[in-house]
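Reader: I would like to learn how to read a structure such as this one. Please take me through the features in turn.

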Amino acid sequence: MISPIGSSNNSVNFKNNSDAEGKKLPYAKDTLLENNFANRARIGYDKFTNALTLYPAKGLKGSKNANFYEFLTMGNVPYVIGSLMLMSVFNSANKFFAPLAKSKAGAIGRKMALGVLFYAILKPATKTFVSAPVKWLTGVDTEVPYAKVIYELPDNIYDTDITSIEYHKIYESKEFSRWDLLYKSEAKGEKRNEYFDKIAKKLGYGDNLNDSDQEMKPVIRKIATKTDMAKTLSSYLWAAAGVAYAFQAPWEDYFNVATLKFWKFNKFKHSLKVLKDSAIKSAKELYRGPKNASGWSKYAGKVMIGAAVLSSVLGVANAVHVKKTSKFDAGDVIKEDRKYVVN
């Protein structure tokens, strides 16, 4: 951090691990984070709360420190608000309808709300259907996060706490991946290329390579690129399957008895039982088709589910298919029985 320059002190002091009050900062430098549920939840919470409060305030007041990362992070807010509005728009006007129309509109509106919910859940969650198998088969975790420490410019001479934290992923940029965070510390007795050695061994490149990092970086970049493409394609198909799942008729049984009043234990317990039954029946109906269905509509669910599953399977297969690069030595290029002239 940069301390203000006063009349009695013309030097500039940099502090990496605390603010002016001596308060410990979350991170003293760019830090690799473990990819686990606790960290993912904390990162998601931090980004969303900042998108609601801090980032809009910086943008509205024209802060010189507002950046593109903050702009992209704020995109989560209209996504959530839009989802809530889409849920409510089909249900808010029901009270103005006649009883029969109100019943029919309510059934469609509740399914629409459930479809939005399933879409919002499945689109990010199903990315693990690709990234998890790729990690298991290759050792490359494309979702590894890290905390980036940003030293901001002071808005006035009294600013001291001008450090902010951004959360990125190691392979977020394929051309400028944060390889430096993947090296181990030799000062701590660790092997510098341990991460790359493990991936080389996992992919069948052998053990104890002279420069495993240099050999593996192009391979990892290809795996990360193909994995990201597969995650994007398959997640949309799974989200679409979730919307189709929400529109199955058995969900109406649950909507008729649904309640969140857990203090009325018997009714709440019964609603949970109906929820389980409706979920199972809806899944079967999506796969088999409605009872009176004929022609294309009978197989639409199978096609939707099959396309989602196939996209994940083929995406993983494509990502882990890595061709070994050829290795050359001097003997492959220079022939001892020929003469060479250097101009």
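Author: What follows goes from confidence to fold, then to the sheet and the rings.

Author: This is a predicted model, where local features need pLDDT of at least 70, side-chain atom pairs count only at pLDDT 80 or more, and totals for chains, interfaces and linings use all residues. Residues are numbered from 1 along each chain as its sequence is written, and side-chain values use heavy atoms, with hydrogens and water left out.

Reader: What pLDDT does the protein chain average?

Author: pLDDT is the predictor's confidence in each residue, from 0 to 100. Here the protein chain averages 82, and 84% of the residues score at least 70. Confidence is highest in helix 6 (residues 128-138), at a mean of 94, and lowest in helix 12 (residues 330-333), at 48. Residues 1-23 have pLDDT below 50; beyond near neighbours in sequence, that stretch has 42 contacts in the model. Residues 328-332 are also below 50, with one such contact. A contact means heavy atoms within 4.5 Å.

Reader: How many helices and strands does the protein chain have?

Author: Both are DSSP runs, numbered from the N terminus: helices are H or I with at least four residues, strands are E with at least two. The protein chain has twelve helices and three strands. Take contacts between residues at least 6 apart in sequence: 61% of them join residues at least 24 apart.

Reader: What share of the residues is buried?

Author: Buried means under 20% relative accessible area, exposed over 50%, and partly exposed in between, with a 1.4 Å probe and protein chains only. Of the 343 residues, 33% count as buried. The chain exposes about 22,400 Å², and carbon and sulfur atoms supply 61% of that area. The areas come from the Shrake-Rupley method with a 1.4 Å probe; for residues, only the protein chains shown count as cover.

Reader: What is the strand order in the sheet?

Author: Strands of a sheet pair through backbone hydrogen bonds, either parallel or antiparallel. Two strands count as paired if DSSP finds at least two bridges between them. This sheet is open, has three strands in the order 1-2-3, and pairs antiparallel. Strands 1 and 3 stand at the edges with a single partner strand each, so one side of each has no neighbour in the sheet. Strand 1 (residues 31-32) meets strand 2 over two bridges, with T31 opposite A147. Strand 2 and strand 3 (residues 163-169) share seven bridges; I150 has S164 as its bridge partner. Strand 2 (residues 145-151) is mostly covered, with five of its seven residues buried.

Reader: Which residues does E70 touch?

Author: E70 is in helix 3 (residues 68-73). E70 is buried, at 4% relative accessible area. Not counting residues up to four places away in sequence, E70 touches Y55, K58, N65 and E152.

Reader: How many aromatic pairs does the search find?

Author: A pair of aromatic rings is described by the distance of the centres and the angle of the planes. Rings of Phe, Tyr and Trp (its six-membered ring) pair if their centres lie within 6.5 Å; planes under 30 degrees apart are stacked, over 60 edge-to-face, the rest tilted. The whole structure gives eleven aromatic pairs. F118 and Y245 are stacked, 5.5 Å centre to centre with 15° between the planes. F118 lies in helix 5 (residues 99-125) and Y245 in helix 8 (residues 212-246), so the pair ties together parts 127 residues apart in sequence. Ring pairs also link Y171, W179, Y183, Y195 and F196 into a cluster.
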